[in-house]
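Dear colleague,

Please find below the structure that I am handing over to you.

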Amino acid sequence: MEHEIDLAAWNRREIYDFFSGMQDPMYMVTFTVDVTGLHRYVKERGLSFYYAMIYLCTQAADEVENFRYTVREGKVYLLDGRSPSFTDMKPGSELFHIVTMPCEGTLEDFCRAAGERSRAQDCFIRSELESDGLIFYSCLPWVRLTALSNERDPNPDDATPRISWGKFTERDGRRELGLSVEVNHRFVDGIHIGQFSAALERKIAAIGAVTHRQPG
């Protein structure tokens, strides 16, 4: 279960205090991810690549403790896990809406549930589902992403990770994405972004291995 952090005994206290003095301690890193195996996997099964990436990124983030910190009324808490809140568009529309839901079940379960949830939603956002336990996702499939910042009010207590990506880049038969991760430096350092990247790569590689074993 989620629990409050004892700041007096927290080994991160000095770093937390240092960045707490900044009006906007958020920073962004963009790196490349090879998604060749994942793309093949979802296309073979008629699944959404976008939803699949949201599922795997959420799982990878939850493996890194520092991605699960939040602040409530000056107190730091460690969450059990985060839920995705993602932009989406209905077919034929240029207007987006924001879908929020738990990251549950298998990858296939999540992809199907996300599609159903998005198609059924008849408002821009369901405000009652907003919380400090989310990850914000967006995608710009029309452009090659090299960096992306997010709109927000300056708030040092904003600990919600923001993850985005653009369209594929083809190189030597491989598919690559530029993945942007925006986090609060009070909780997340470069090493933790590296841990998230490694966890995501492992999960994508595992999916690719399943695809590789398929006949034909």
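In these notes, an angle under 35 degrees counts as roughly parallel, one over 145 as roughly antiparallel, one from 65 to 115 as roughly perpendicular, and the rest as oblique. The model is predicted, so that local features need pLDDT of at least 70 and side-chain atom pairs count only at pLDDT 80 or more, while totals for chains, interfaces and linings use all residues. Residues are numbered from 1 along each chain as its sequence is written, and side-chain values use heavy atoms, with hydrogens and water left out.

Helix packing

Helices (H or I, at least four residues) and strands (E, at least two) are DSSP runs, numbered from the N terminus. Axes are lines fitted to C-alpha atoms, for helices over the stretch in contact, with angles running from 0 to 180 degrees between N-to-C directions.

Helix α2 (residues 36–45) and α3 have axes that come within 10 Å and cross at roughly 125°. The two helices α2 and α3 are therefore oblique to each other. Leu38, His39 and Val42 of α2 make the contact with Phe49, Ala52, Met53 and Leu56 of α3, where contact means heavy atoms within 4.5 Å. By class, this contact of α2 with α3 comprises 6 nonpolar, 1 polar and no charged residues. The nonpolar class holds Ala, Val, Leu, Ile, Met, Phe, Trp, Tyr, Cys and Pro, the charged class Asp, Glu, Lys and Arg, and the polar class the others, Gly among them.

Helix α3 (residues 49–62) also packs with helix α4 (residues 107–120): their axes come within 9 Å and cross at roughly 120°. That makes α3 oblique to α4, and the crossing of α3 and α4 is right-handed. On the α3 side, Tyr51, Ala52, Ile54, Tyr55 and Leu56 meet Leu107, Phe110, Cys111, Ala114, Gly115 and Ser118 of α4. The contact of α3 with α4 has 9 nonpolar, 2 polar and no charged residues.

Pockets and cavity

On a 1 Å grid over the protein atoms alone, a cavity is a set of points where a 1.4 Å probe fits but cannot get out, and a pocket is an open set with protein on both sides within 12 Å along at least five of seven lines; lining residues have an atom within 4 Å of a point. Grid points are joined across faces, edges and corners, and a volume is the space filled by probe spheres set on the points.

The largest pocket has a volume of about 1,000 Å³. Of the 41 residues that line it, Tyr50, Thr87, Asp88, Tyr137 and Ser138 lie nearest its centre. The elements giving two or more residues to this lining are α3, β5 (83–89), β6 (96–100), α4, β7 (134–139) and β8 (162–165). By class, the lining of the largest pocket has 19 nonpolar, 12 polar and 10 charged residues.

The second largest pocket holds about 150 Å³ of space.

The count of cavities of 30 Å³ or more is 1. The largest cavity, with a volume of about 50 Å³, is lined by Asn66, Phe67, Tyr69, Ala159, Pro161, Val183, Asn184, Phe187 and Val188.

Yours sincerely

Definitions and conventions: Left-handed = near helix turned anticlockwise from the far one by under 90°.
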